[in-house]
Amino acid sequence: MIELDGTGCKVAVFVCTNERSPDKSCCKKVGGMEFYQALKQKVKESQLQHSHWISRSGCLGFCNDKGTAVVIFKSNHTPKWFNEVTSQQTEEIWKEIIS
Ligand code: FES
């Protein structure tokens, strides 16, 4: 095992893009991948990709039929969890990420 130097990471965001069986709710069905891609684009446009890491995740345990689950980790802050996030909340989540 090698311990990594993660001091360059100021914000880590996980967006659920998980897909479940057709009869079950999941973030892939409610735009999780599109939301993830939109945040990746914003971080790239803002040139924050070296300090603000946006990652896809598997199921975060909040599956629903309305929107994806998102968690934001910042240094020295309590993680912020959001659920039922849709593309209409992209700016709102982005403000949480960069604030
Ligand atoms: S599939 Fe996203 S929280 Fe379960």
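Modeller: We'll go through the sheet, the helices, the core and a few single residues. Keep in mind that this is a predicted model.

Colleague: Good. In what order do the strands of the sheet come?

Modeller: The order is E2-E1-E3-E4. These four strands form an open sheet with mixed pairing.

Colleague: Which strands stand at the edges?

Modeller: E2, residues 52-57, and E4. Each has a single partner strand, so one side of each is left without a neighbour in the sheet. From one strand to the next, the twist averages 20 degrees.

Colleague: Mixed how? In which sense do E1 and E2 pair?

Modeller: Parallel, over six bridges. For example, Val 13 has Ile 54 in E2 as its bridge partner.

Colleague: And how many bridges join E1 to E3?

Modeller: Five, and those two strands run antiparallel. There, Phe 14 has Val 71 in E3 as its bridge partner. E3 and E4 are antiparallel as well, with four bridges.

Colleague: What about the turn between E3 and E4? Which residue takes a positive phi there?

Modeller: Asn 76, with phi near 60 degrees. That hairpin has five residues between the strands.

Colleague: Is E3 mostly covered or mostly open?

Modeller: Mostly covered. Six of its seven residues are buried.

Colleague: On to the helices. Which strands does H1 lie across?

Modeller: E1, E2, E3 and E4. H1 runs at about 165 degrees to E2. H2 packs on the sheet too, touching E1, E2, E3 and E4. The direction of H2 makes about 15 degrees with that of E3.

Colleague: Now the inside. How many residues are in the largest nonpolar core?

Modeller: It has 14. Val 13, Leu 39, Val 70, Ile 93 and Ile 97 touch the most other members. Strand E1 (11-16), helix H1 (32-45), strand E3 (68-74) and helix H2 (90-98) each supply at least two residues. H1 gives the largest share, with four.

Colleague: Pick one of those. What does Ile 97 touch?

Modeller: Leaving out residues up to four places away in sequence, Ile 97 touches Val 11, Val 13, Leu 39, His 52, Ile 54, Ile 72 and Lys 74.

Colleague: Different topic. How many aromatic pairs are there?

Modeller: Two. In one of them, the rings of Phe 14 and Phe 73 have centres 6.0 Å apart and planes at 80 degrees, so the pair is edge-to-face.

Colleague: Where do Phe 14 and Phe 73 lie?

Modeller: Phe 14 is in strand E1 and Phe 73 in strand E3, so the pair ties together parts 59 residues apart in sequence.

Colleague: How covered is each ring's residue? Is Phe 14 buried or partly exposed?

Modeller: Phe 14 is partly exposed, at 29% relative accessible area. Phe 73 is partly exposed too, at 32%.

Colleague: And the cysteines? How many disulfides?

Modeller: The count comes to zero. Cys 27 is buried, at 3% relative accessibility. Cys 59 is partly exposed, at 43%.

Colleague: Last one. Where does Gln 89 lie?

Modeller: In the loop between strand E4 (80-85) and H2. Gln 89 is partly exposed, at 26% relative accessibility. Residues up to four places away in sequence aside, Gln 89 touches Phe 35 and Glu 84.

Colleague: How far is Gln 89 from Gln 37 in space?

Modeller: 14 Å, C-alpha to C-alpha. In sequence, the two are 52 residues apart.

How values were computed:
Residues numbered from 1 in each chain as written. Predicted model: local features only at pLDDT ≥ 70, side-chain atom pairs only at ≥ 80, totals over all residues. Heavy atoms only, no water. Core = buried A, V, L, I, M, F, W, Y, C linked by side-chain atoms within 4.5 Å. Buried < 20%, exposed > 50% of the residue type's maximum accessible area, 1.4 Å probe, protein only. Contact = heavy atoms within 4.5 Å. Disulfide = S-S within 2.5 Å. Pairing = 2+ DSSP bridges. Axes fitted to C-alpha atoms, helices over the stretch in contact; angles between N-to-C directions. Phe/Tyr/Trp six-rings, centres within 6.5 Å; stacked < 30°, edge-to-face > 60°.
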